[in-house]
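Trainee: I have a model open on my screen. Please show me how to read it.

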Amino acid sequence: MSDKVEVNLTGVKQSKGVWLVKVPKYLSQQWDKATEKGEVGKITIGKKQGKTEVCFSLSEDLAALGSAEEKDALVQVPRDHPFTMQTVGGQTMAVFSQSDTDEISLEGMVVHRAECRPIVSEDYMKIKRLQIESVKPQRLSQQLDRAITTVFKPVANHDFNVEFEKKKKSEGKMVRAERQVVMDMLFSAFEKHQYYSFKDLVDITKQPVTYLKEIMREIGICNRKGAHKSNWELKPEYQHYRPDEEDEEEEEKQDS
């Protein structure tokens, strides 16, 4: 368990309100160039048509230093940055600070949120272009001394395709037997079991699929539901059941 850390709550006790402002990356980089007691800029707050307008102006000294991203000495950092004000949105946010001695202080509660945006100008567009170019991956060309032989070579045909073609050819070579011969094979099979899948019937008769299906539609029924779904059985008129004992006794009486 981590050690407990005391937090200085002076900012809360004084009901200190703070602003949470999002600034562009290049602007924060310019602030880092300022001296310890140097001025980074000024904020002006005014009203226009009853609406509050806030603007941050970067100090002239920092703007003259150029952008931290620049490659061209002529690129100047934009100075004026209007604020786009946003609501806190019912959220409870606070700002903490940490001293050199690792002391944590609660500076205050966030009362306003804003986004600091530059006025679009030619200098600003140059800075954005340089930022985009700086994150582009660098292409590397390398000359190889020998050919790479560890890569996969193209295959003319895959194993599963070859197997499928063989199976297709073997089925295509199935010769149609006489209709009655096929029906006898089917009746003989159904004497052993009541239900068969169509694949099993093809394996038993070795007949082409379309031809066998035509015969089965004549003498059989494919179950659409139940425990034997998708299995075939003979139609009632082709089913032969062994008569029960009562029927046998009645037949004997009639014969006598």
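Mentor: Start with pLDDT, the predictor's confidence in each residue, from 0 to 100. In this predicted model, the chain has a mean pLDDT of 79, and 80% of its residues reach 70 or more. Local features need pLDDT of at least 70, side-chain atom pairs count only at 80 or more, and totals for chains, interfaces and linings use all residues. Residues are numbered from 1 along each chain as its sequence is written, and side-chain values use heavy atoms, without hydrogens and water.

Trainee: Where is confidence lowest, and where is it highest?

Mentor: Helices (H or I, at least four residues) and strands (E, at least two) are DSSP runs, numbered from the N terminus. The chain has 9 helices and 10 strands. Confidence is lowest in helix α9 (residues 245-255), with a mean of 47. Strand β8 (residues 196-197) is highest, at 94.

Trainee: Is Thr205 buried or exposed?

Mentor: Buried means under 20% relative accessible area, exposed over 50%, partly exposed in between (1.4 Å probe, protein chains only). Thr205 counts as buried because its relative accessibility is 4%. Of the chain's 256 residues, 23% count as buried.

Trainee: Which residues does Thr205 touch?

Mentor: Thr205 lies in helix α7 (residues 198-205). Leaving out residues up to four places away in sequence, Thr205 touches Val182, Met185, Leu186 and Leu212.

Key:
Contact means heavy atoms within 4.5 Å.
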